[in-house]
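My plan is to look up one thing at a time and write down what I find.

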Amino acid sequence: MEDSIFTKIIKGDIPCHKIYEDDKTIAFLDIYPVQPGHVLVVPKSQVPTFMDLDDDYATALWNSIRKVAQRLREAYPDKKRIAMAIEGFDVDHAHAHLIPVDTHAEFMNPQDTNGEPDHLALAELAKKLAL
């Protein structure tokens with residue numbers, strides 16, 4: 001299997017705005033956020049779906065999701081929820097999206113990938129959210 005963009009990030013071949021990392025997972029800001037604070041939590045084992053993770057990686061992924069979600073709750077206290085989607089459609093590598101939202105419509109907001117990411121703002125936000 002060819003390395004996914006997430007595996008390239010994990011290996012350090014592609015930069016990211018990291019907010020958390022342990023031996024089995026990494027969490028970083030989505031460069032095309034649905035809402036401010038949109039974070040991806042990714043297992044370091046490249047598998048297409050979360051169902052393909054072994055028990056150790058599945059547990060590690062869930063524990064990291066909870067840590068990052070708690071941090072987002074602290075950073076965005078005015079938001080009603082930290083919504084989550086676990087998927088692997090755009091990138092063939094299981095991952096979770098964590099997004100601070102008030103409504104389902106905010107959660108379902110499409111990503112705008114037409115412009116250049118604001119890396120300065122993302123870097124500042126990553127510092128604020130870092131665990």
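This is a predicted model: local features need pLDDT of at least 70, side-chain atom pairs count only at pLDDT 80 or more; totals for chains, interfaces and linings use all residues.

Entry: I looked up how β4 and β5 run against each other. β4 and β5 (residues 95-101) pair in the antiparallel sense, over 7 bridges.

**Entry: the whole sheet.** Next I asked in what order the strands of the sheet stand. The order is β1-β2-β3-β5-β4, so I note an open sheet of 5 strands with antiparallel pairing. The edges are β1 (18-21) and β4 (81-87). Each of these has a single partner strand, so one side of each is left without a neighbour in the sheet. From one strand to the next, the twist averages 20°. As background, strands of a sheet pair through backbone hydrogen bonds.

**Entry: helices on the sheet.** Helix α4 (residues 119-129) lies across β1 and β2, and runs at about 130° to β2.

**Entry: the nonpolar cores.** I looked for the largest nonpolar core and found 23 residues in it. I19, L29, V39, V41, V68 and L129 touch the most other members. At least two residues each come from β1, β2, β3, α2, β5 and α4. Which element gives the most to this core? It is α2, with 7 residues. Another core lies apart from this one; it has 7 residues, including I9, I26, L40 and V42. In general, nonpolar side chains in soluble globular proteins tend to be buried together.

**Entry: V39 up close.** I listed the contacts of V39, leaving aside its neighbours within four places in sequence. Among them are I19, A27, F28, L29, V68, L72 and L98. D30, A96 and H97 are also in contact with V39.

**Entry: charges and rings.** Last, I looked at lysines over tyrosine rings. The charged end of K24 sits over the ring of Y57, 5.3 Å from its centre. K128 lies over the face of Y76, at 5.5 Å from the ring centre.

Note on methods: Residues are numbered from 1 along each chain as its sequence is written. Side-chain values use heavy atoms; hydrogens and water are left out. Two strands pair if DSSP finds at least two bridges between them. Helices (H or I, at least four residues) and strands (E, at least two) are DSSP runs, numbered from the N terminus. Axes are lines fitted to C-alpha atoms, for helices over the stretch in contact, and angles run from 0 to 180 degrees between N-to-C directions. Contact means heavy atoms within 4.5 Å. A nonpolar core is a set of buried Ala, Val, Leu, Ile, Met, Phe, Trp, Tyr and Cys residues joined through side-chain atoms within 4.5 Å. Buried means under 20% relative accessible area, exposed over 50%, partly exposed in between (1.4 Å probe, protein chains only). A charge sits over a ring if NZ of Lys or CZ of Arg is within 6 Å of the ring centre and within 35 degrees of the ring normal.
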